[in-house]
Amino acid sequence: MNQERRDKKMHLGAFFHPTGNHVAAWLHPNAQIDAGTNFEHYASITQTAERGKFDLMFVADAVAVRNGKLQALRRWPQYMAYFDPLTLLPALAAVTKNIGVVATATTSYNEPYHIARKFASLDHISHGRAGWNVVTSSAVNEAWNFGRDAHYAHDQRYDRANEFVEVVKGLWDSWEDDAFIRDRSTEIYFDPAKLHTLNHGGKHFKVRGPLNVARPPQGHPVLFQAGSSEAGRESAARFAEGVFTPLHTLPGAQDFYRDIKGRMAKYGRKPEALKIMPGLNAIVGRTRKEAEEAHRFLQSKIHPDVGLELLSIQLDNMDLSQYDLDGPLPDIPDHVAAETGQTAMRNIVRWSKEEGLTIRQIYERYAGARGQRTVIGSPVEIADDMERWFRNYGVDGFLYHPSHLPGGLDAFVDLVIPELQNRGLFREEYEGKTLRENMGLERPKSRYAAEGCRAKRGG
Ligand SMILES: Cc1cc2nc3c(=O)[nH]c(=O)nc-3n(C[C@H](O)[C@H](O)[C@H](O)COP(=O)(O)O)c2cc1C
């Protein structure tokens, strides 16, 4: 592809794992040790990302503590104790002005009405900066907190997710943008003709509506997705406006880019209505040597108990304890491989079979990056890599994963962002006021206004 064809700017998100992306991040002297439940920490890193003009900050979520061997988990505190994102994000919105605030919420263990209401509220509180990462959950321990003994099967949960998102979007359209007249002279607060009852009845949900929150400032908060299985890609093409799926090689990214954007037409969507922003685990130093040292330090802190546990979780809790760490990964039983269709598992098997990595090498690669692509180097080297992927239509931007927080993020904002700006690849000022405007996404029209329909208020 022609390097010069692309003159737009890239989009950047910052993924805030509590202490950072690296499993041993909390051991870094420049990481906030109690990050998961330290609001001032989140406020400060979000303000740093805003200083760097990031489109958005993002926090992941699960509705359970990790399920695993406490022997390992005691050394790996990430996602054991941390804030509920939809309590955290409104508070972060209050201490920032421009940056998008995006969080995960699972469609498997929520009801659409709850999610529609929370994200609509967040969008109002943040004046149009809310985004929702739609996930289906992948761990059974979440099921155990919601009256189930087993997680939904992969296809079943994507089927539920697709209907869930349709219902949420329908609820967000409950009120037309100009439904609230609030006229003291006529003593009319809202126009009943602009209030719509969804009356959804589908395979998974029965939801009457309307929503008890006015239409969000963005129309709909921005929708993200991170799956890469066949079902995940199809859901992305159907509704996602940002995709965080990990991509490891430029040709692989270009295939993914073409594939997802190519699938959108059948849902009546234009390719530019979705931005592909895979993870980038960038470790930067003033020199390459400094960056490599920072990485080596974190890698040296991966305890084998943690490394094995991390791998075992990705392999459906397969017990690896009896195998030699410096030998090959055993064959993955068919029932494990067949069950999930998970991307992480596919990558791990590929690293073992195609690259011949040992168990230790695999867990070091996975643990260091948590399955994301790693780039280590000087600001120029990192910007070169990002530019190549962007200009060659592998991506529309990146979801940057700071290795440790706040240190890794500070370095990226001070060293890499100016380099990208100097090359004209990244904004110097926010273009708009809402996350949609900054991401170059259209504001969706209300389905009722769009149809010119004035449906009668349902019973
Ligand atoms: C950047 C990124 C963030 C993710 N965040 C979450 C999350 O917060 N909660 C969650 O349950 N899954 C999360 N996932 C997992 C995905 O939602 C998805 O389940 C996984 O990528 C497997 O997708 P697939 O089954 O379609 O291959 C995330 C994945 C990525 C790449």
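## Basis

In this predicted model, local features need pLDDT of at least 70, side-chain atom pairs count only at pLDDT 80 or more, and totals for chains, interfaces and linings use all residues. Residues are numbered from 1 along each chain as its sequence is written, and side-chain values use heavy atoms, with hydrogens and water left out.

## The sheet

The model holds an open sheet of 10 strands with parallel pairing. The strand order is β11-β10-β9-β4-β3-β2-β1-β14-β12-β13. Strands here are DSSP E runs of at least two residues, and helices are H or I runs of at least four, both numbered from the N terminus. Two strands pair if DSSP finds at least two bridges between them. β11 (275-276) and β13 (373-377) stand at the edges. Each has a single partner strand, so one side of each is left without a neighbour in the sheet.

G242 stands opposite K275 in β11.

## Strand β4

Strand β4 covers residues 130-135. Six of its six residues are buried (under 20% relative accessible area; exposed is over 50%, partly exposed in between; 1.4 Å probe, protein chains only). The strand is therefore largely enclosed by the rest of the structure. In a regular strand the side chains alternate between the two faces of the sheet. In β4, A130, W132 and V134 point one way. G131, N133 and V135 point the other way.

β4 has β3 (residues 100-106) as a parallel partner over six bridges. T104 has N133 in β4 as its bridge partner. From β3 the chain crosses through helix α4 (residues 112-125) to β4. This β-α-β crossover is right-handed: with the strands pointing away from the viewer, the path from the first strand over the helix to the second runs clockwise. β4 also pairs with β9 (residues 222-225), in the parallel sense over four bridges. Here G131 has V222 in β9 as its bridge partner.

## E234 in helix α7

E234 lies in helix α7 (residues 230-239). At 19% relative accessibility, E234 counts as buried. Leaving aside neighbours within four places in sequence, E234 is in contact (heavy atoms within 4.5 Å) with R263, K266 and Y267. The side chains of E234 and Y267 make a polar contact at 2.7 Å. Such a contact is a pair of N or O atoms within 3.5 Å; within protein, one must be able to donate a hydrogen and the other to accept it, and residues adjacent in sequence count only if both atoms are side-chain atoms.

The side chains of E234 and K266 meet in a salt bridge (2.8 Å, N to O). The rule asks for a side-chain nitrogen of Lys or Arg within 4 Å of a carboxyl oxygen of Asp or Glu. This pair links distant parts of the chain: K266 lies in the loop between α8 (250-263) and β11, 32 residues from E234. At 56% relative accessibility, K266 counts as exposed.

## Other salt bridges

By this rule the count comes to 32 salt bridges. One of them joins E429 and K53, with the closest N and O atoms 3.5 Å apart. E429 lies in the loop between α15 (407-422) and α16 (435-439), and K53 in the loop between α1 (39-51) and β2 (56-59), so the pair ties together parts that are 376 residues apart in sequence. E429 counts as exposed, at 54% relative accessibility. K53 counts as buried, at 16%.

R391 and E387 form a salt bridge with closest N and O atoms 2.8 Å apart. Both lie in helix α14 (residues 379-391), four residues apart, about one turn of the helix. Elsewhere, salt bridges that share partners join E230, R233, E234, D259, R263 and K266 into one network.

## S300 in helix α9

S300 is placed in helix α9 (residues 288-300). At 55% relative accessibility, S300 counts as exposed. The S300 side chain reaches the backbone oxygen of F297 at 2.6 Å. S300 and V135 are 165 residues apart in sequence and 32 Å apart in space, C-alpha to C-alpha.
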